Amino acid sequence: MRIKPTAYKLMNVSDGRIFEDSGWSLSDPDAKEASLIRAVYENDRFTPRENLDGIYRYADWLPIKRTLKHSCAPVTYKSEGLAKYLGLDNLHITFSGYNPKIGANFETCSFKETEAFSVCARMDKNEDRILVVQSAGNTARAFAQVCSDNRIPVVICIPEDNKHDLWFHRRLRKCVKIVAAPHGCDYYDAIAIGEKLATSPRYFLEGGAKNVARRDGMGTTILSYVEKTGRIPDAYFQAVGSGTGAIAAWENAERLAADGRFGENDMRVYVAQNAPFTLIHDSWKAHSRELVNVTPAQGRRNAEVILAKVLANRKPPYSICGGLYDVLRASRGDSFSCSNDDIMYWILQFRNLEGYDLLPASAAAVCALAQAVWQGKVKKDEYIMLNCTGGGTLASMGLGYKIKEPDLVLSPELDAEDIINAVDKLF
């Protein structure tokens, strides 16, 4: 659907410099240090658009040129079962998955759809280059479905060991190509393949955390919460691999505070990781802006054994200015670690208490909330947002599904020219 493009400029987080978006800016060309950039919207008041559907209700705070088919917005509701179990008066769950009973209709069962619908709507309809997306699993499924439904050419790079995440209810169109790093590789290796592919002018990187459209799409979770409750939460919980969703929530909390109608931004950001892959957690607990040292071999081993594989990112935007370290510090937040056994416990407990299933990453966030309650980090009467970033697969599987096999398996050690030549043959 054609709409008037959202009016915005970009800001360098490190020095506050405002500049124009060249079309797909991922950084400030005049930056003096590595820094995220942030969208500064012409409409500085939170104004949901009643004339638009799904995630595009929040179009005034999305850097987009158009809308796409089949989008959904996160759903926020006040918890009863989990809240009672944990002794909390004002726990709200923001869910991005498949549970039609509460109005959640994310076909891929993951909040990564919020990224895909925002990023792809930032693209010009006449873009003649091919988008490159790197993913550990959920992002791949979301972008593949959104790009297929809207006929957008894309190459998605994933670890072959995560191909079980490539399940779909409908056959993908030929504009979607899947390239996998071979068995034993991880998300970092998928990133390497994508970066080499994008050295060709025929392809361009989606950009990950550096893409303001990705972050602001993810940030619609907190917009859903505020639209429901009328205030910025006191505490925010989410499981993280890159931490991009938590950064996005903080950025939108800043915008909401500037609006003036939803309270000050006193929101504490709490994040969770799945042990033994706890790169962000270990770095934060070491009071270090720099990531602690983990060898590639150890990182791959740790990624292999965790249940929440989407949380295994060896290259998160943690240290960069405006990244997760800055968010945790500014918000007076903290990090939690949970085991595979913890995750299984909370998947089962959550289903008993709330009536639907969560993906492992979301269960890690529930585990972090429970730890925070037991450690006295949150108070009984505080307003708490639990960001459950995916779930509902049991209900969704009733719709039928098929696994999409990779179109190519390529070693990340190959030269860029060899990778480009191999992928070119797919189109």
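Reader: Leaving aside neighbours within four places in sequence, which residues is Phe-237 in contact with?

Author: Phe-237 is in contact (heavy atoms within 4.5 Å) with Tyr-270, Phe-336, Ala-365, Ala-368, Leu-369, Ala-372, Val-378, Ile-384, Met-385, Leu-386 and Asn-387. Keep in mind that this is a predicted model, where local features need pLDDT of at least 70, side-chain atom pairs count only at pLDDT 80 or more, and totals for chains, interfaces and linings use all residues. Residues are numbered from 1 along each chain as its sequence is written, and side-chain values use heavy atoms, with hydrogens and water left out.

Reader: Which residues have the most contacts inside the largest nonpolar core?

Author: Leu-82, Phe-237, Phe-350, Leu-369 and Leu-386, in a core of 40 residues. A nonpolar core here is a set of buried Ala, Val, Leu, Ile, Met, Phe, Trp, Tyr and Cys residues joined through side-chain atoms within 4.5 Å. Buried is under 20% relative accessible area, exposed is over 50%, and partly exposed lies in between, with a 1.4 Å probe and protein chains only.

Reader: And which helix gives the most to this core?

Author: Helix α12 (residues 360–374), with 11 residues. Helices are DSSP runs of H or I of at least four residues, strands are E runs of at least two, and both are numbered from the N terminus. There's also a second, separate core of 38 residues, which includes Tyr-41, Phe-46, Val-212 and Leu-223.

Reader: Switching to helix pairs: at what angle do α4 and α14 cross?

Author: Roughly 85°, and the axes of α4 (residues 187–197) and α14 (residues 416–424) come within 8 Å. The axes are lines fitted to C-alpha atoms over the stretch in contact, with angles from 0 to 180 degrees between N-to-C directions. So α4 and α14 are roughly perpendicular, a label that covers 65 to 115 degrees.

Reader: Which residues meet there?

Author: Ile-193, Lys-196 and Leu-197 from α4 meet Ala-416, Ile-419, Ile-420 and Val-423 from α14.

Reader: What about Arg-151, what's its phi?

Author: Near 55°, a positive value in a residue other than glycine. Arg-151 sits in the loop between α3 (138–149) and β9 (154–159).

Reader: Is Arg-151 buried or exposed?

Author: Arg-151 is exposed, at a relative accessible area of 58%.

Methods: Parallel < 35°, antiparallel > 145°, perpendicular 65-115°, else oblique.
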